[in-house]
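Subject: Structure for your review

Dear colleague,

Please find below the sequence and the structure that I am handing over to you. My notes on what was found follow directly after them.

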Amino acid sequence: MSEIGRLAILMAFLCAVWSVGSIAWGLRAGLAGPLRSGRNALWAVCGLTLVAVIILVRALMAHDFTYRYVAEHTSLDLAPLYSAASLWAGQEGSLLLWLLILSTYGAAFLWLYRKRLDPFYDAVAMVVASVAIFFTYLLAFICSPFRILANPPADGQGLNPLLQDPGMMIHPPILYTGYVGFIIPFAFGIAVLLMNRTGTRWIEEVRRWTLFSWMFLGFGILLGARWAYIELGWGGYWGWDPVENASLMPWLVGTAFLHSVMIEQRRGMLKTWNVALIVLTFELSIFGTFLTRSGVLTSVHSFAESSIGAWFMAFIIGSGTLATALILYRKALLESENRLDAIVSREGSFLFNNVLFVALTFATFLGTTFPVLSEAVTGSKISVSAPFFNRVNVPIGLALLLLTGAGPILSWKRATASVLQRNFIIPTVAGLVATLLSLPLGVRGIYPIVTVFGSAFVLATVVMEFARGLQARKDVAASRGAMAIIDLVTKNKRRYGGYIIHVGVVMIFVGVLGSTVFQKEAHEPLRTGQSMKIGDYTLTLKGTEQKMERSAALTRAVVDVSQNGKSFGESRPSKAMYFKSQQPMTEVALHQTPGEDLYLILGGVNDDGTVTLQAYINPLVSLIWAGGLVMLFGTIFTLSDRMRLRREEKEAA
Amino acid sequence: MNTTVKILIVSLVVIGSVTYLILSGVKQTGMQYMTVTELAQMDRAPKAGGFRLDGIVAAGTIRYDQKAPRLQFRMTDGKEAVNVVYDGLMPDAFADGRDVVVEGTFQHTDRTLHATKLVTKCPSKYEAQGLGEDKS
């Protein structure tokens with residue numbers, strides 16, 4: 001079977017090469033035959049990759065330890081679903097998953113655009129295929145997942161216990177769907193430059209593809225944060241770990257693009273900047289894969305260190321240089337149609353939004369790669385960690401929060417003094433009132449206060465925008481109440497979808513504020529029957545118990561939790577000792593309420609029979625997850641808007 | 001003043017503040033990487049702000065008071081060793097011979113590293129080891 005897998009990857013490589021060559025020839029000679037052949041070859045890449053994935057997953061589930069990859073990442077005691085999910089537990093399998101998603105995007109693109117006989121779309125497919133060449137080459141010649149062992153072991157080495165969690169099963173594929181999806185906007189951008197494409201339809205298309213990937217990437221990042229919160233057991237959800245940063249960077253640049261593309265659609269400005277942002281988003285996605293998989297930086301994720309780092313560096317530098325050269329070569333195509341009239345305007349606010357997003361990305365990039373950079377420049381390795389990022393990124397993030405409020409209520413071209421007065425009074429008052437109300441709750445310091453002010457400001461602007469829209473519609477239609485709102489938002493999904501996303505962002509800001517500023521911590525060794533207090537909770541130890549599971553032995557503390565004297569059940573923080581790795585794993589007991597989470601960790605059973613418990617109260621963490629869901633909903637809502645695409649169509653026709 | 005100039009000025013202010021944030025951030029929170037040998041051979045305590053040390057947990061040196069909780073061990077790079085104290089729960093993957101990274105300050109009086117952060121690198125068990133050659 002492994003030979004078939006190897007062969008499939010090799011053929012996928014050849015098909016990708018054929019696809020690029022054939023389309024290039026077809027475009028040059030203006031022949032339809034080679035173009036069709038090239039498109040079919042891209043379909044074949046997808047099919048062959050799928051074959052390879054099926055073979056590897058079958059081997060993983062059958063515990064076929066003749067495969068090196070299977071022996072490295074699974075064991076006989078592993079549950080079937082985790083065995084299948086081990087596909088992305090290691091480097092080779094992750095790359096294969098990357099290729100599968102990449103070629104699926106290519107196939108989905110070909111399917112969606114099957115009726116468009118415009119060579120421009122063939123050029124897009126060609127760019128996708130050329131990236132597929134890189135990944136198929138790596139998988140075929142550098143790190144094959146189909147290596148066979150001379151002496152297969154009786155049992156495998158097992159899956160890292162950290163990864164044995166339902167979150168592990170969905171987090172990487174969703175994150176990758178986001179990462180890899182930026183291939184399509186990148187391919188569009190490059191194809192526009194290659195074909196000297198004019199017109200505006202492609203901009204709306206790129207916007208939609210970007211939004212789709214952006215949604216998955218953002219959702220994947222939040223799932224990762226949630227996984228860290230539940231599984232890593234340190235009471236937090238974000239540690240500015242290099243791999244977290246790696247996924248954040250393309251998301252930030254993608255966000256910048258989603259904003260500035262509106263200026264291009266509306267005013268025909270910032271064209272070069274937008275293409276540059278698309279290219280940067282894609283390169284950062286590749287860089288993210290590189291960071292995760294190369295082990296160049298110390299991180300909890302870098303369980304695999306290998307030589308593919310150099311290949312990724314070469315690919316990033318090569319493709320980045322080519323894209324830059326193309327942008328310079330096609331300067332005339334990207335000429336701006338308008339100039340910025342005034343700084344205090346919608347365009348101005350978007351421009352600063354962009355500057356700040358890029359600054360945020362730059363600071364994150366610098367901080368993440370600082371050890372490597374400082375060693376290269378000064379010779380001594382200096383590293384920065386969470387305090388650096390909090391210091392640098394928090395103020396930039398807060399400036400962005402304020403812009404989130406200001407941007408939508410500034411008018412296009414030029415905001416006059418009367419508009420400013422009319423639009424800013426209510427949100428400013430709302431912000432000030434919220435700030436005053438928050439002071440007795442213990443909000444102190446400039447950043448928390450700005451967060452409260454900014455959040456209330458943004459929410460007020462969103463409410464105002466909805467109210468204003470309703471007011472305007474009232475004159476036209478007679479619909480009332482809830483119907484009127486539905487009517488309003490479905491008529492302009494993009495606009496109101498955007499506001500919904502902003503509400504989600506505010507929820508996340510408030511959740512982060514609550515859980516960082518108001519977190520409480522307590523730890524104590526307890527005997528059975530003794531209790532400890534944290535906040536208004538009383539934790540009483542009722543005893544310990546042992547439990548055997550399929551791949552681990554569990555030690556659990558049984559803790560009675562009561563709040564203000566009212567018991568609300570038992571909690572069981574545990575430690576699992578995995579048989580395979582002989583490594584303990586902390587399993588957090590979590591009581592979630594909308595207001596705050598009670599987060600319990602079992603430190604361990606002591607020699608004298610006491611049990612060490614560590615407890616955290618994390619206020620408002622639920623708002624972060626809920627905010628993520630609101631953003632997800634807002635994005636899906638925005639994506640369901642096809643009006644603009646149709647309008648572009650009409651104009652083109 | 002025309003708009004281009006204004007944009008330039010505001011952009012410069014933004015870029016300037018971000019640069020300031022980054023530079024001061026590095027200066028105040030940056031931690032120098034050191035090896036155990038470098039640290040052990042120093043006559044004076046290194047930078048007060050702290051530094052980052054990579055090494056291995058010396059076998060048989062772990063003393064863990066779970067009730068405090070306080071973790072003490074010796075960290076080595078094969079040549080020299082230093083004492084480390086960490087007030088916190090022992091990380092799951094922490095054990096003899098594991099690769100660890102600690103951040104903290106060093107007091108010359110007791111020649112002990114007071115760690116504020118302790119990260120255990122994932123054990124190499126999950127990497128290709130001991131599986132032997134590929135079938136040719």
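In chain A of this predicted model, 72% of the contacts with a separation of 6 or more are between residues 24 or more positions apart. For chain B, among contacts between residues at least 6 apart in sequence, 45% join residues at least 24 apart.

**Chain A as a whole**

Chain A contains 20 helices and 11 strands. Its radius of gyration is 27 Å, close to the 26 Å that the globule rule gives for 653 residues, so chain A is as compact as a globular protein of that length. Along the principal axes, the C-alpha atoms of chain A fill a box of roughly 80 × 75 × 60 Å. Of its 653 residues, 51% count as buried.

**Helix pairs within chain A**

The crossing in which α1(A) passes α2(A) is left-handed. By class, the residues of the contact of α1(A) with α2(A) comprise 21 nonpolar, seven polar and no charged.

The other pair is helix α9 (residues 201–232) of chain A and helix α10 (residues 242–267) of chain A, with axes 9 Å apart and a packing angle of about 150 degrees. This angle makes α9(A) roughly antiparallel to α10(A). Here too the crossing is described by its hand: α9(A) passes α10(A) in a left-handed crossing. On the side of α9(A), the residues that make the contact include I203(A), L211(A), W214(A), L217(A) and I221(A). On the side of α10(A), they include L248(A), W251(A), F257(A), L258(A) and V261(A). The residues of the contact of α9(A) with α10(A) divide into 11 nonpolar, eight polar and four charged.

**Two valines in chain A**

Is V503(A) buried or partly exposed? This residue lies in helix α18 (residues 493–517) of chain A. A residue needs 20 or more other C-beta atoms within 10 Å to be buried; V503(A) has 18 C-beta neighbours inside 10 Å and therefore counts as partly exposed. Leaving aside residues up to four places away in sequence, V503(A) touches L459(A), V462(A) and V630(A). The C-alpha atoms of V503(A) and S455(A) are separated by 8.7 Å, and these two residues are 48 residues apart along the chain.

V433(A) has its place in helix α15 (residues 417–438) of chain A. With 13 other C-beta atoms within 10 Å, V433(A) is partly exposed. Its C-alpha atom is separated by 20 Å from that of I409(A), which is 24 residues apart from V433(A) along the chain.

**Chain B**

Chain B has two helices and seven strands. What is the order of the elements of chain B from the N terminus on? They run α-β-α-β-β-β-β-β-β. Of the 136 residues of chain B, 26% count as buried.

**Where the chains meet**

The crossing of α14(A) past α1(B) is right-handed. Among the residues that make the contact are F388(A), V392(A) and I396(A) of α14(A), together with L21(B), I22(B) and V26(B) of α1(B). The contact of α14(A) with α1(B) has nine nonpolar, two polar and one charged residues.

Yours sincerely

Technical notes
Residues numbered from 1 in each chain as written. Chains lettered and ligands numbered in written order. Predicted model: local features only at pLDDT ≥ 70, side-chain atom pairs only at ≥ 80, totals over all residues. Helix = DSSP H or I, 4+ residues; strand = E, 2+ residues; numbered from the N terminus. Rg over C-alpha atoms; globule rule 2.2 N^0.38 Å. Buried ≥ 20, exposed ≤ 12 C-beta atoms within 10 Å, placed from the backbone. Contact = placed C-beta atoms within 7 Å. Axes fitted to C-alpha atoms, helices over the stretch in contact; angles between N-to-C directions. Parallel < 35°, antiparallel > 145°, perpendicular 65-115°, else oblique. Left-handed = near helix turned anticlockwise from the far one by under 90°. Nonpolar A, V, L, I, M, F, W, Y, C, P; charged D, E, K, R; others polar.
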